[in-house]
Amino acid sequence: MKIVELILKHGADPNSSDCQFKPIAAAANNGHSDVVECLLKFKANIDEISPGRGTALIAATMGGKEEVVALLLANGCNVETKDPMFRTAADHAATNGFTNIVDMIAAEVERRKNRDDKLKTLSMEKRTVDPFTIKRSLMASMATNPSHSDMTNQNIDDKLESKLAPLRQSPYSIINECSKCKKYECPDNGNLKLSKCSACLSVFYCCKEHQAEDWFIHKKRCKMLKKMAANV
Ligand SMILES: [Zn+2]
Ligand SMILES: [Zn+2]
């Protein structure tokens, strides 16, 4: 183990190999999780395909090496890659009767799917909402839909407000309105020119005065939004 680290430290290429097995696949197949870990530390390609053999995950699976399989999964290896016989690691685990590995791979696939779904929801929700556009579409639907013919401007403003109120609470929405006075429209019925808070880039103000007045309320949220933006 010390020797592997020593050799890598002295500039050996962790991906190089003329053999049938790349170093990481060879270590994986033999269950040397410490060597796999060391190779990963030295930036070996976790998804490197060994000629005629497939990936380290397939190699570990064929050897029934659960500890290495867990290590590779935790390090984000590709689980879909097929060997030259078009078989994935999960296929090998199933045919070899390694039910633990079948379960481990299935659990990881599920975990990644949930994570991707969550990320997708987050990025979908973090969107710029334009009250002016919403208002215009409300007015258009009033004009075309006879059942809305009794709708007044007050109704439209109420409807718009009921759409915006929950979005203002959501950290994933950016609303094109002054965070202080909620103004979004110009008297000439156009979009109001707003400036963004330069710290969080997630709220707008119609003027410097409103930004200053709102700071006491906004500062907590501003810090939180900044932190979230850094994590995404
Ligand atoms: Zn304002
Ligand atoms: Zn801010």
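Of the contacts in the protein with a separation of 6 or more, 62% join residues 24 or more positions apart; a contact means C-beta atoms, placed from the backbone, within 7 Å. This is a predicted model: local features need pLDDT of at least 70, side-chain atom pairs count only at pLDDT 80 or more, and totals for chains, interfaces and linings use all residues. Residues are numbered from 1 along each chain as its sequence is written.

**Layout**
- The protein has ten helices and four strands, taken as DSSP runs numbered from the N terminus (helices H or I, at least four residues; strands E, at least two).
- From the N terminus on, the order is α-α-α-α-α-α-α-β-α-α-β-β-β-α.
- Of the 232 residues, 25% are buried (20 or more other C-beta atoms within 10 Å; exposed is 12 or fewer, partly exposed in between).

- Beyond its neighbours within four places in sequence, Leu72 touches Ala28, Ile46, Ala56, Leu57, Ala60 and Cys77.

**Leu167**
- Leu167 sits in α9 (residues 153-169).
- Leu167 counts as partly exposed because 16 other C-beta atoms lie within 10 Å.
- Leaving aside neighbours within four places in sequence, Leu167 contacts Val129, Ser173 and Ile175.
- Val129 is 38 residues from Leu167 in sequence, yet 8.4 Å away C-alpha to C-alpha.

How values were computed:
Chains are lettered from A and ligands numbered from 1 in the order in which they are written. Two residues are in contact if their C-beta atoms, placed from the backbone, lie within 7 Å.
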